[in-house]
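I opened this model to take notes on its fold, its cover and its surface charge. My entries follow the display.

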Amino acid sequence: NRFASLGMDEGWRRAAIRRLELSHGDRVLDIATGTGDLAFAAERAGATVLGCDFAPEMIFRAAAKARAGAGASRFQVASAEHLPYPSAAFDGAVSAFAMRNVKPILDPVLAEALRVLRPGGRLILEFSEPPLAPVRGGHAIYTRRLVPLIGRLLTGDGAPFEYLNRSIQECERADAFAARLTRVGFEGVGYRRLAFSTVALHWGDRPAAASR
């Protein structure tokens with residue numbers, strides 16, 4: 001993500017955490033945490049953070065960062081569509097660049113995020129299909145051609161970057177994703193386009209009367 005975004009992902013994460021409007025000590029769940037970058041950002045804002053990911057290798061790397069001094073966030077192996085946490089256990093939930101990877105089970109994943117939230121906010125930082133054709137074309141060339149090429153030169157393996165391009169191209173537009181959040185049960189749904197609309201910051205609240 002750092003490579004593909006030309007380093008802009010750090011600013012996008014800071015924007016996500018600001019929109020969460022954390023109070024000191026709030027409990028936050030980072031779903032599909034990867035190597036923990038967003039979890040540590042939420043922790044720096046005063047939250048107590050638990051990061052989960054279905055990939056043990058990712059959790060190993062995130063925990064190694066914590067041991068090396070990145071923060072005190074905790075990390076567990078857990079599947080996003082079957083979160084092993086009680087209902088209403090967290091004040092906020094975040095996820096960075098993960099929803100495009102779970103598209104076949106996206107609604108169950110979002111419903112689980114809603115379930116574990118107390119009345120409050122949820123943020124998703126996600127690639128989004130640019131609505132303007134010129135931007136969409138330029139972005140497609142960048143992700144389809146340049147990112148795999150440079151990735152192959154830097155790492156010797158272009159396959160992960162080719163997958164990155166495919167997953168980005170399959171992303172929903174921001175308005176469609178916002179509508180999906182509403183269908184699942186979130187209220188106060190909104191989004192903000194970033195980086196020429198190649199990224200959208202999404203948010204929504206668990207209703208105060210939510211029973212699931």
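**Fold and surface notes**

I read the protein chain along its sequence and wrote down the pattern α-β-α-β-α-β-β-α-β-α-α-α-β-β. I am working from a predicted model. The tally for the chain is seven helices and seven strands.

Next I looked up contacts. I took those between residues at least 6 apart in sequence, and 68% of them join residues at least 24 apart.

Then I turned to cover. The protein chain has 212 residues, and 48% of them count as buried. I noted an accessible surface of about 10,200 Å² for the chain. Carbon and sulfur atoms hold 57% of that surface.

**Helix α4**

I picked out α4, which runs over residues 106-116. How many of its eleven residues are buried? I found eight, so I logged the helix as mostly covered, with buried meaning under 20% relative accessible area. I listed the buried ones by name: Leu 106, Val 109, Leu 110, Glu 112, Ala 113, Leu 114, Arg 115 and Val 116. Two charged residues, Glu 112 and Arg 115, are on that list.

**Positive patch**

I then checked the surface for charge. Which residues gather in a patch of positive charge there? I wrote down Arg 14, Arg 18, Arg 44 and Arg 192.

I followed up on Arg 192. Arg 192 sits in strand β6, which spans residues 187-194. I put Arg 192 down as partly exposed because its relative accessibility is 43%, and that class lies between the buried limit of 20% and the exposed limit of 50%.

Note on methods: Residues are numbered from 1 along each chain as its sequence is written. This is a predicted model: local features need pLDDT of at least 70, side-chain atom pairs count only at pLDDT 80 or more; totals for chains, interfaces and linings use all residues. Side-chain values use heavy atoms; hydrogens and water are left out. Patches are made of residues with over 30% relative accessible area and no salt bridge: like charges are joined within 9 Å, nonpolar side chains (Val, Leu, Ile, Met, Phe, Trp, Tyr) within 5 Å. Accessible areas come from the Shrake-Rupley method with a 1.4 Å probe; for residues, only the protein chains shown count as cover. A salt bridge is a side-chain nitrogen of Lys or Arg within 4 Å of a carboxyl oxygen of Asp or Glu. The place of a charge is taken as NZ of Lys, CZ of Arg, CG of Asp or CD of Glu. Helices (H or I, at least four residues) and strands (E, at least two) are DSSP runs, numbered from the N terminus. Buried means under 20% relative accessible area, exposed over 50%, partly exposed in between (1.4 Å probe, protein chains only). Contact means heavy atoms within 4.5 Å.
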